[in-house]
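This report describes how parts of one protein chain pack together. Please look over the sequence and the structure before reading on.

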Amino acid sequence: MRYTVFQLLPGVLALAAMVRAVPFASLPEARSESAEKDGGSSKLVVAHHIVGLTGGGGAGDYTLDTWKKDIKLASSKGIDGFALNVGADDWTYTQVGNAYQAAEDLKSNFKLFLSLDMAAIGGVKNCNSPDTAAYIRDLTNKFIGRASQLKVKGKPLVSTFAGESCTFGEADVFTGWRKQFTQHPDLAGKIHFVPSFFIDIQQFHNFQDVLDGDFNFNGAWRTDLTTASVSSFLGGGVDLDHLTPAQQGVLTDTLGSFKIDQWHIEQLARVANSAHTYMTSIAPWFFTHFGADSYNKNVDGSQWIYDCDDHLYARRWQTVIANRDKVDIVQLLTWNDFGESHYLGPIQGNLPRGSEAWVSGFDHQGFLELTSHFAAWFKTGKAPRIEKDQLVMWARPHPKRAQASSDPVPAPTNFELTQDQLWAVVLATAPGSLTLSTSDKTHRTFAVAAGVNTLNVTLSPGGYMHGALARHGKTLLDVKPSAYTFEANPRTYNFNVFVAHAAA
């Protein structure tokens, strides 16, 4: 999702959060031919990059060199390309052009494609007007011929965020996208269209000659898991501060489930004349805390989180890898969506106004180190050899039930779901032990096996995060970031995470 000077279309973001996949019984399993990038792997990993935060005349405006640095960093972590989230800003053409030029100047195999943000475009243009369709056709045609354009099945890939309500002047949405975009003479036969439409997925079959595939944007999170719905998952009498081992197990399994992806795949299989390309999403976190007068990211009048605990980033990767025969492309959410706290790249650009309060000092690049390992595993189908020991730890900065003393915006909806835990992932070259500490009195030592290890320990108000990896009596990694404190009495609410990383 993106940001600009206007408020996003009322209800679009709430709709994106609430749309549910619906099971459809007794359907044949989807046929999914592998996506193919010219000269590359049949499986792809891309990252969502919000172009709206790269221009506008602010101090953080991107230059050609900024784009090159982003591309080199992403490529070094196993990412094959950027999905360029584009709206209708004055700088869209310039910055998208800079991104394509940077990739071409680097002469790498890194590719780009457009993700048309129809929520943002619809905020300044009438989504029911053929003029808006003309705008997105022109934007698409401007860049699909570039050398650094990502192609799938031999055609330039194009995606969207939203667009499920756009008729472009036609009788309905299905006809609008067909006549005014995919089958319009300007684009007919030229693109491979894999949008993210927030609709009842049983309507997919109506998009014949539109959908070459489906992008499940909300695959990254269980958006149906809320404070209101949690009892339907865990049973009655749930105490979210004291889950039983059985309840914790159900919650962990729910967050790691492939069920909703499977529903998407089954419905996509019903679309005639489609390549049935399936692109799903993986994200490390989600928290947004804008006031109602800013970016309209309200759900039922307040801010919200999705439950991203239980090592969600690693667990989601493992789930997708286990089902890689059904997934063509993984899209990471995101490279730079600071306002929603699911960024993987460096904190730079023009941050959405107000987001500095929960972003500054909360670098997430430790998650990129995990990305390298899991991306290689997804693309090859084989767990890569771990060449160096790595420790990644993350935690929120205050207890979930702490009362902020000076915040005009309330605690986010669903905050009760989250757990006051220090989460850790160890990529170990060989067996060893990890000691996690959150205070001088709260610590635990775990046996670590060679490979991927997920561990956690309870946070301590006023305490810290500290991890020490040892082998044969020798400490290999010792991480205790001085910038982190689990603050018992915060001034403002912050459900973002502080991420620490070390390697040896």
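Helices α3 and α5 are roughly parallel to each other, because an angle under 35 degrees counts as roughly parallel and their axes cross at roughly 25°. The axes of α3 (residues 92-106) and α5 (residues 130-143) come within 11 Å. The crossing of α3 and α5 is right-handed. On the α3 side, the contact is made by Thr-92, Tyr-93, Val-96, Gly-97 and Tyr-100. On the α5 side, Tyr-135, Asp-138, Leu-139, Lys-142 and Phe-143 take part. Six of the residues in this contact are nonpolar, two are polar and two are charged.

The model is predicted, and every value in this report is computed from it.

Helix α12 covers residues 366-380, and its axis comes within 10 Å of the axis of α10. The two axes cross at roughly 10°, which makes α10 roughly parallel to α12. From α10, the contact involves Tyr-313, Ala-314, Trp-317, Gln-318, Val-320 and Ile-321. From α12, the residues are Phe-367, Leu-370, Thr-371, Phe-374, Ala-375, Trp-377 and Phe-378. This contact has eleven nonpolar residues, two polar ones and no charged ones.

The table sets out the axis values for the two pairs.

| Helix pair | Axes come within | Crossing angle |
|---|---|---|
| α3 and α5 | 11 Å | roughly 25° |
| α10 and α12 | 10 Å | roughly 10° |

**The protein as a whole**

The protein has 504 residues, and 62% of them count as buried. Its secondary structure comes to twelve helices and 19 strands. Among the contacts with a separation of 6 or more, 76% are between residues 24 or more positions apart. The protein exposes about 18100 Å², and carbon and sulfur atoms supply 49% of that area.

**A covered helix**

How many of the ten residues of helix α9 are buried? The number is nine, so the helix, which spans residues 259-268, is mostly covered. The buried residues are Ile-260, Asp-261, Gln-262, Trp-263, His-264, Ile-265, Glu-266, Gln-267 and Leu-268. They pack against the strands β7 (213-216) and β8 (277-282) and against helix α10 (312-322). Helix α10 also belongs to the pair with α12 described above.

**Two single residues**

Thr-54 is found in the loop between β1 (44-50) and α2 (64-76). Is Thr-54 buried or exposed? Its relative accessible area is 0%, so Thr-54 is buried. Leaving aside neighbours within four places in sequence, Thr-54 is in contact with His-49, Gly-60, Asp-61, Tyr-62, Trp-67, Trp-91, Gln-95 and Asn-350. One of these, Trp-91, is 37 residues from Thr-54 along the chain, while the C-alpha atoms of the two are separated by 8.5 Å.

Phe-446 is found in strand β15, which runs over residues 443-448. Phe-446 has a relative accessible area of 12%, and because buried means under 20%, Phe-446 is buried. Apart from neighbours within four places in sequence, Phe-446 is in contact with Gly-432, Ser-433, Leu-434, Leu-436, Leu-455 and Asn-456. Of these, Leu-436 is ten residues from Phe-446 in sequence, and the two are 8.2 Å apart in space, C-alpha to C-alpha.

Technical notes: Residues are numbered from 1 along each chain as its sequence is written. This is a predicted model: local features need pLDDT of at least 70, side-chain atom pairs count only at pLDDT 80 or more; totals for chains, interfaces and linings use all residues. Side-chain values use heavy atoms; hydrogens and water are left out. Axes are lines fitted to C-alpha atoms, for helices over the stretch in contact, and angles run from 0 to 180 degrees between N-to-C directions. Helices (H or I, at least four residues) and strands (E, at least two) are DSSP runs, numbered from the N terminus. Angles under 35 degrees count as roughly parallel, over 145 as roughly antiparallel, 65 to 115 as roughly perpendicular and the rest as oblique. A crossing is left-handed if the near helix is turned anticlockwise from the far one by less than a right angle, and right-handed if clockwise. Contact means heavy atoms within 4.5 Å. Ala, Val, Leu, Ile, Met, Phe, Trp, Tyr, Cys and Pro count as nonpolar, Asp, Glu, Lys and Arg as charged, and the others, Gly among them, as polar. Buried means under 20% relative accessible area, exposed over 50%, partly exposed in between (1.4 Å probe, protein chains only). Accessible areas come from the Shrake-Rupley method with a 1.4 Å probe; for residues, only the protein chains shown count as cover.
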